[in-house]
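Me: Please show me the sequence and the structure, and then let us go through some questions about them.

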Amino acid sequence: MPDIEVLDALAQGHREHAAANFDASQEWFERALRIAPGDATVLLALAGTLLAKGLPECRAIYEQVASANDVREAWLGLAVANLHHRRPTEAAGALGAVLSQHAHAIADIAAVADAVARATRSPGWCALDGT
């Protein structure tokens, strides 16, 4: 069972993120991470805030969670982070992990997949709809 302090810090961080208060959001998620080091949920939340702030550190966090836990959200976050930091080949690799290893609804990945295809000058992408 997660510590109540971790859950509270996550909730506060999500509220701040939703209000576009990214500095405050980052502080709350970093607090949660101090309480629960290495927690994948906390790391993903922090990576999302760092991505929203345009900070390149988000890539390393997404890579860490993706390699340790192989969750779709980490791979999608890594694809977006790589696109944002002008690494289209790496974005395509992360998207490939999503398409080949995880169930998904096409609507959930279409915007990212379209952006990766454009960035890599690929003719397109394809997937089976997991819904």
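Me: Which backbone oxygen does the side chain of Ser 25 reach?

Reply: This is a predicted model, in which local features need pLDDT of at least 70 and side-chain atom pairs count only at pLDDT 80 or more, while totals for chains, interfaces and linings use all residues. Residues are numbered from 1 along each chain as its sequence is written, and side-chain values use heavy atoms, with hydrogens and water left out. Ser 25 is found in helix 2, residues 22–35 (helices are DSSP runs of H or I, at least four residues, numbered from the N terminus). At 3.0 Å, its side chain reaches the backbone oxygen of Gly 13.

Me: Is Ser 25 buried or exposed?

Reply: Leaving aside neighbours within four places in sequence, Ser 25 is in contact (heavy atoms within 4.5 Å) with Gly 13, Glu 16, His 17 and Thr 49. Buried means under 20% relative accessible area and exposed over 50%, with partly exposed in between, using a 1.4 Å probe and protein chains only. With a relative accessible area of 0%, Ser 25 is buried.

Me: Where around the axis of helix 4 do its buried residues lie?

Reply: The buried residues of helix 4 are Cys 58, Arg 59, Ile 61, Tyr 62, Val 65 and Ala 66. They cover an arc (taken from the directions from the helix axis to the C-beta atoms) of only 165°, which means that they lie on the same side of helix 4.

Me: Which exposed residues does the face of helix 4 turned away from its buried side carry?

Reply: What covers the buried residues of helix 4 includes helix 3 (40–52) and helix 5 (72–84). The face turned away from that buried side carries the exposed residues Ser 67 and Ala 68.

Note on methods. Helix = DSSP H or I, 4+ residues; strand = E, 2+ residues; numbered from the N terminus. Polar contact = N/O pair within 3.5 Å; in protein donor to acceptor, adjacent residues only side chain to side chain.
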